[in-house]
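This note goes through a single protein chain point by point. Please keep the sequence and the three-dimensional view at hand while reading.

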Amino acid sequence: MGNPQTDRVILGFDPGRLKCGIAVMNSRGKLLVHEVVPAEEAIAVIESFFQQFGVDLLVIGDRTTSKKWQEHITESLSIPLPIVQVDERYSTLEARDRYWEMYPPRGLTRLIPQGMRQPPRAIDDIVAILLIERYLATLPG
């Protein structure tokens with residue numbers, strides 16, 4: 001059996017009223033999946049990813065609807081899952097930049113300065129990735 005510290009699977013959750021970002025990453029930083037889902041489907045997707053990837057921990061942003069979502073997750077999941085809050089200040093701005101790193105612009109979009117480009121889709125899942133990375137950055141070693 002491997003080192004539990006390096007083998008942990010973390011689900012990042014960016015809560016929202018209408019849509020939520022969800023990402024799953026192992027503690028070595030390998031991204032397993034990420035997507036934006038309608039808020040009403042978030043619990044089912046979390047359950048599904050728990051089953052599929054053996055999630056050990058849920059990391060959630062600390063703003064907007066966080067407290068309400070934490071209660072909802074705790075009450076709704078069929079399995080107890082530890083939840084850790086992470087500071088999500090400036091995560092949307094950071095996610096916009098990360099989007100363009102992950103999906104470099106093509107064609108004429110390349111000519112638009114990055115600060116003026118808008119991603120062509122919701123980026124809540126990328127915020128969820130950043131929340132996991134922020135959590136991992138707080139761990140010793």
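1. Pro119 touches Arg96, Tyr99 and Trp100, residues up to four places away in sequence being left out of the count; contact here means heavy atoms within 4.5 Å. Pro119 sits in the loop between H3 and H4. Helices (H or I, at least four residues) and strands (E, at least two) are DSSP runs, numbered from the N terminus. With 15% relative accessibility, Pro119 counts as buried; buried means under 20% relative accessible area, exposed over 50%, and partly exposed in between (1.4 Å probe, protein chains only). Between the C-alpha atoms of Pro119 and Tyr103, 16 residues apart along the chain, the separation is 9.3 Å.

2. A word on the basis of this note. The model is predicted, so that local features need pLDDT of at least 70 and side-chain atom pairs count only at pLDDT 80 or more, while totals for chains, interfaces and linings use all residues. Residues are numbered from 1 along each chain as its sequence is written, and side-chain values use heavy atoms, with hydrogens and water left out.

3. The strands form an open sheet of 5 strands in the order E3-E2-E1-E4-E5, with mixed pairing. Two strands pair if DSSP finds at least two bridges between them. E3 and strand E5 (83-86) are the edge strands, each pairing on one side only. On average, neighbouring strands of this sheet are turned by 20° against each other, direction ignored. Axes are lines fitted to C-alpha atoms, for helices over the stretch in contact, and angles run from 0 to 180 degrees between N-to-C directions.

4. Two of the pairings may be followed in detail. E1 and E2 pair in the antiparallel sense over 6 bridges, and Val9 stands opposite Asn26 in E2. E2 and E3 also run antiparallel, joined by 7 bridges; the bridge partner of Met25 is Leu31 in E3. The hairpin of E2 and E3 has 4 residues between the strands, and there Gly29 takes a positive phi near 95°.

5. Is Gly12, a residue of the chain, buried or exposed? Gly12 is buried, with a relative accessible area of 0%, and lies in strand E1. Not counting residues up to four places away in sequence, Gly12 touches Gly21, Ile22, Ala23, Val59, Ala128 and Ile132. The C-alpha atoms of Gly12 and Gln85 are 10.0 Å apart, although 73 residues separate the two along the chain.

6. In soluble globular proteins, nonpolar side chains tend to be buried together. A nonpolar core is a set of buried Ala, Val, Leu, Ile, Met, Phe, Trp, Tyr and Cys residues joined through side-chain atoms within 4.5 Å. The largest such core has 22 residues, of which Leu11, Phe13, Ile22, Ile46, Leu58, Trp69 and Ile73 touch the most other members. At least two residues each come from strand E1 (9-14), strand E2 (19-26), strand E3 (31-38), helix H1 (42-53), strand E4 (57-61) and helix H2 (66-76). H1 gives the most to this core, with 6 residues. Apart from this core lies another, of 19 residues, among them Ile10, Leu57, Val127 and Leu131.

7. How do the helices lie? The axes of H1 and H2 come within 11 Å and cross at roughly 55°. That makes H1 oblique to H2, since angles under 35 degrees count as roughly parallel, over 145 as roughly antiparallel, 65 to 115 as roughly perpendicular and the rest as oblique. Ala42, Ile43, Ile46 and Glu47 in H1 meet Trp69, His72, Ile73 and Ser76 in H2. Helix H4 (residues 124-138) lies across E1, E2, E3, E4 and E5, running at about 45° to E2.

8. Beyond its neighbours within four places in sequence, Trp69 is in contact with Phe13, Pro15, Gly16, Cys20, Ala39, Ala42, Ile43 and Ile60. Ser66, also placed in helix H2, is buried, with a relative accessible area of 1%. Leaving aside residues within four places in sequence, Ser66 is in contact with Pro15, Ile60, Gly61 and Gln85.

9. Finally, Tyr90 is found in the loop between E5 and helix H3 (91-102). Tyr90 is exposed, with a relative accessible area of 63%. Although Tyr90 is not a glycine, its phi is positive, at about 65°.
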